[in-house]
Amino acid sequence: MADQEKDQVIDEALGEKSIQRLEFRGGVFAATIPLVFFIIWAIVLSITELVTEQALVLGMVIGIALGLFFCKSKWADYAQSLISGMAQPVGVVAIIAWFWAGMFANMLSAGGLVDGLIWFGFQSGLEGGAFVGITFLLAGLFATAVGTGYGTVATFGVLMYPAGVILGADPVILLAAILSGAVFGDNLAPVSDTTIVSATTQEADVPGVVRSRFKYSIAAAIPALILFVILGGGGDAGSQQVVNQLQNEVSPSGLLMLVPFILVLYLALSGQHLLTSLSWGILASVVFIFLSGRSLTEVLHIYKNDAGEAVVEGALINGIGGYFNMAILILFILAAAYLLEVAGTMDVIKNFFLRIINNVVRRAELSIFGIVAFLNMFITINTAAEIAAAPFVRKLGTELNIHAYRRANFLDTVTSSLGYIFPWSGGVLLAWATVQGAAEQYDFLPVVGPAEVFPFVFQGWGLLIVMFIAAWTGWGLRYSGKNGEEIKPKDYKAQE
């Protein structure tokens, strides 16, 4: 086949007939330079404890610039490929969903949901291991409501960690319970960034992904809860005066914000579009914030400061602004991944794995598990790692007709777990920093190091074990039908 015909075949397969195939000095694998540089950049930042979202964006920009000098094709074609990669619907959908989810999460926080959940934890009257168990449940509920594992770690680390230590909980197990709650919500929440990315990158709907994922989450959560209750006691009880001080800082009024959360969960799981569900949730949150007597300036406040400059504050703008850096990062990573498509690199990688897999679904799913885990070892921001792994998961999974829900579940569960397990991961470092800050306020608090908590994040380890078993045994495996529906293996074989 002539080179021109090869280019045409590739262009048609990509659905981009107007874009020529790119050629790189050093062969097809030179197209990986932007992503490889980004991964190395992320590793160095992680080791030096300098990782931030802005720094990751800069690393991706530098990597893409380096790739330009290895491109043998016209630089204009390289630039156009980058634009085409950024313009893929998967990235646009994810970014818009992030903005809506961020606004909703901040509305719940502005309404006092955090205080309400903490208050409930205090009123339960539990101590030691029982308190650790209720902390895990409340952290999981909160993370599922607001869709942010990092926010859960920061919030519960400030209030529930000191309270638990005072009430005789083991500090290491207690912090692991908070991290595990973050894992649960980050993995399962319809408004979580990892849920949205895992669904959109695999061309699946968010509600369907959440419904199909629930069995894996619960299978890990039940033994995790039991372990936290059994192992969570044994700490030294502290001053009742400090407990009373913490109790005075929270109130039950914020529990009313569970109503908007339940509304969004119901609408999303009943098949409504995610933006529709979130919009109703945001509207309901405004109503409940108003009824609770809180100022609506917590929702949106536009004014001029002393210098005469316009200032926009409040939950809505904070919710959008919190995802600006990640939105930019996903666009650049999608652009870099698209270079692998137009250079033919993705096909070479896919064919390599397909030879190993040899049309065996178990091998395909174990390969997907391994690829996602490998990238999460080095990219410490879990959403960024998920975005980087997504094209490989989609390629391998679609080749064997594995359903989009199943692919999204492997992508998200492994990512959400490892993001709160590795001592150098963003979630664990945030927990460590939060505990350090709390220890400055309460001198009786021990500071738990990242390496200490590593073995006890039971929800994270449980999810990894559950998904490995699922890949090995085929539990939960579904194929994609003619109309995109889920088909059980026995029905799929009969159909063939």
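Student: Before we turn to details, how many helices and strands does the chain have?

Tutor: In this predicted model, the chain holds 24 helices and 4 strands. Of its 496 residues, 54% count as buried, and among the contacts with a separation of 6 or more, 77% are between residues 24 or more positions apart.

Student: What describes two packed helices?

Tutor: Two packed helices are described by the angle between their axes together with the distance between those axes. Take helix α7, residues 128-146, and helix α11, residues 206-231, whose axes lie 7 Å apart and whose packing angle is about 150°. An angle over 145 degrees counts as roughly antiparallel, and α7 is therefore roughly antiparallel to α11.

Student: Which residues of α7 and α11 make the contact?

Tutor: On the α7 side they are G129, V132, G133, F136 and L137, while α11 contributes A221, A224, L225, F228 and V229. Sorted by class, the residues of this contact comprise 8 nonpolar and 2 polar ones, with no charged residues.

Student: At what angle do the axes of α3 and α4 cross?

Tutor: Helix α3, residues 53-68, and helix α4, residues 75-86, have axes that come within 10 Å and cross at roughly 150°, and these two helices are therefore roughly antiparallel to each other.

Student: Is the crossing of α3 and α4 left-handed or right-handed?

Tutor: The crossing of α3 and α4 is right-handed. Where the two helices touch, I64, G67 and L68 of α3 meet W75, Y78 and L82 of α4, and by class this contact has 5 nonpolar residues, 1 polar residue and no charged ones.

Student: What do β1 and β2 form, and which residue in the turn has a positive phi?

Tutor: The two strands form a hairpin with 5 residues between them, and in the turn G308 has a positive phi of about 80°.

Note on methods. Residues numbered from 1 in each chain as written. Predicted model: local features only at pLDDT ≥ 70, side-chain atom pairs only at ≥ 80, totals over all residues. Heavy atoms only, no water. Axes fitted to C-alpha atoms, helices over the stretch in contact; angles between N-to-C directions. Parallel < 35°, antiparallel > 145°, perpendicular 65-115°, else oblique. Left-handed = near helix turned anticlockwise from the far one by under 90°. Contact = heavy atoms within 4.5 Å. Nonpolar A, V, L, I, M, F, W, Y, C, P; charged D, E, K, R; others polar. Pairing = 2+ DSSP bridges. Buried < 20%, exposed > 50% of the residue type's maximum accessible area, 1.4 Å probe, protein only.
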